[in-house]
Amino acid sequence: MSTLVIVGTQWGDEGKGKIVDVLTQKADYVVRFQGGNNAGHTLVINQKKYIFHLIPSGIFWPQTVCVIGNGVVVDPEVLINEIEKLKKEGLKIDSDKLLVSEKAHTIMPYHKALDLAREKKAKKNKIGTTCRGIGPCYEDKAARKGFRLIDLTYPEIFKEKLKIVLEEKNFILKYLNAEIIKFEDIYERYIKYGEYLKPYLTDVSRVLWKAKKEGMKILFEGAQGTFLDIDHGTYPYVTSSNTLAGNACCGAGLGPLEIDLVLGVVKAYTTRVGEGPFPTEIKDKLGDHLRTKGNEYGSTTGRPRRCGWLDLVLVKTAVRLNSIKAIALTKLDVLSGLEKIKICIGYEYEGKVIDYLPSSLIEMSKLKPIYKDLPGWKEDLKDIKKFENLPKETKLYIKTIEEYLEVPLYLISTGPERENCLILKNPFEN
Ligand code: GDP
Ligand code: IMO
Ligand code: MG
């Protein structure tokens with residue numbers, strides 16, 4: 001086993017960062033392949049909290065090379081700040097430690113301005129984006145009007161194209177009643193970013209191909225979650241990239257047969273930030289309790305996350321869409337102290353029982369979750385180091401999930417710290 005893709009099976013924030021950090025101990029490369037700084041991945045090491053938006057979560061392991069693939073959209077200012085912060089922590093972040101695809105697209109100031117202005121104008125119909133310019137940047141990539149990071153290192157070509165692109169962007173910004181953006185406010189600044197990032201820029205696809213051939217262990221770190229996928233998520237309440245495991249190949253430049261295993265991260269309940277359907281959402285005090293106990297506030301925007309019961313219909317769909325063959329179950333400790341726990345195992349839709357998520361928003365709004373009730377447990381799980389020592393009710397909860405999904409559990413996370421983790425099977429060990 002040498003290549004592992006880790007993806008979220010819900011609406012993001014499943015605890016991917018933590019699982020990636022734990023498994024990177026045995027990895028040579030950690031690769032981000034989509035999304036941008038809309039992601040917020042949290043690591044807690046020796047009680048210190050780190051949140052990464054662009055830098056892959058394996059950065060603290062000394063042997064690991066961190067890679068940002070071509071499928072990522074990069075806000076250079078955010079990336080440079082993350083690099084500088086890590087340097088201040090005493091880490092050596094040179095071009096041996098961090099590689100960035102020269103083909104990755106650049107988030108420009110007008111992308112952020114457009115994202116903000118559209119959300120403001122949409123009022124009731126807003127998506128609830130992170131306002132980081134992610135959508136507008138992917139739009140330009142598809143429209144062939146984007147700037148790849150390599151373009152920032154060719155000042156004259158950058159200058160000409162920027163003038164043309166900016167004219168159109170300012171026309172739209174005016175329409176949206178937003179401030180226009182001046183050429184002088186971008187050009188010099190972005191050329192400087194290009195100079196700073198140049199040593200890190202490379203052809204990631206070739207590096208990974210060589211690494212794979214040499215039998216190196218490569219871990220792909222998904223961002224967002226399956227139901228924020230632009231095609232298979234709860235459209236239009238989704239992000240602007242494909243978040244599914246299949247996109248690890250396109251977003252890093254490796255062929256589909258190079259992937260050995262996909263591991264899905266499942267939060268023991270469900271959360272979502274921003275607008276959009278959420279069949280098992282709990283809108284009463286219990287939802288507030290989960291938010292407080294699970295510290296469910298956005299790692300990127302600080303917004304309160306909406307909380308609800310575990311929806312296995314969704315997770316099983318994620319298993320299918322991603323070829324998930326291994327599961328990491330996170331935040332199980334947050335459920336301690338509940339008398340009864342519910343798991344959604346189907347939906348009632350117009351009098352019929354269904355086991356899939358319909359495609360239309362109207363149909364989604366009519367779903368009534370069908371729950372299985374399970375007994376809760378009181379014990380704190382954080383310091384339990386062996387599966388056998390988990391309370392019998394916790395084991396029943398886990399068994400119910402495994403049986404429904406028909407996928408084995410590899411890891412159980414029982415707290416935010418690196419140490420709060422039961423590794424039942426390490427995918428990098430045979
Ligand atoms: P990601 O975007 O999937 O990487 O997840 P986030 O970092 O945005 O959100 C997960 C939050 O839960 C972070 O605050 C983590 O520190 C925390 N966390 C991760 N695993 C666990 C766990 O097993 N138990 C608890 N209580 N917190 C966890
Ligand atoms: P990680 O990687 C949770 C959500 C936003 C919004 C929608 C579109 O930390 O799991 P965007 O800014 O991408 O255009 O916003 O997607 N969203 C996330 N929700 N976790 C994330 O990332 C997210 N990234 C985007 O809240 O609803
Ligand atoms: Mg997050």
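A salt bridge is a side-chain nitrogen of Lys or Arg within 4 Å of a carboxyl oxygen of Asp or Glu. The rule finds two of them across the interface of domain 1 and domain 2.

This is a predicted model: local features need pLDDT of at least 70, side-chain atom pairs count only at pLDDT 80 or more, and totals for chains, interfaces and linings use all residues. Residues are numbered from 1 along each chain as its sequence is written, chains are lettered from A and ligands numbered from 1 in the order in which they are written, and side-chain values use heavy atoms, with hydrogens and water left out.

**Exercise 1. Locate the two domains and describe their contact.**

Step 1. Take the bounds, which come from an automatic or database domain assignment. Domain 1 covers 3–97 + 203–429, and domain 2 covers 105–200.

Step 2. The C-alpha centres of domain 1 and domain 2 are 29 Å apart.

Step 3. List the contact (heavy atoms within 4.5 Å). Domain 1 gives 32 residues and domain 2 gives 23 residues.

Step 4. Take the buried area, the accessible area (1.4 Å probe) that two parts lose on being put together, summed over both. Between domain 1 and domain 2 it is about 2,300 Å², with 59% from carbon and sulfur atoms. V73, P76 and I80 supply 23% of the area that domain 1 buries against domain 2, more than any other three residues.

**Exercise 2. Identify the polar links between the domains and the elements behind them.**

Step 1. Pick a salt bridge. K112 pairs with D75, and their closest N and O atoms are 2.8 Å apart.

Step 2. Count polar contacts (N or O atoms within 3.5 Å; within protein, one must be able to donate a hydrogen and the other to accept it, and residues adjacent in sequence count only if both atoms are side-chain atoms). Between domain 1 and domain 2 there are 10 residue pairs in polar contact, both at pLDDT 80 or more.

**Exercise 3. Compare how the protein holds ligand 1 and ligand 2.**

Step 1. List the residues around each ligand (a heavy atom within 4 Å). Ligand 1 has 19, of which K16, T42, S299, D333 and S413 come nearest. Ligand 2 has 20, of which K16, H41, T130, Q224 and T239 come nearest.

Step 2. Check ligand 1. A backbone N or O atom of G40 lies 2.8 Å from one of its oxygen atoms.

Step 3. Check ligand 2. A side-chain N or O atom of K16 is 2.7 Å from an oxygen atom of ligand 2. A polar side-chain atom of H41 lies 2.7 Å from an oxygen atom of ligand 2. A polar backbone atom of G40 is 2.9 Å from an oxygen atom of ligand 2.
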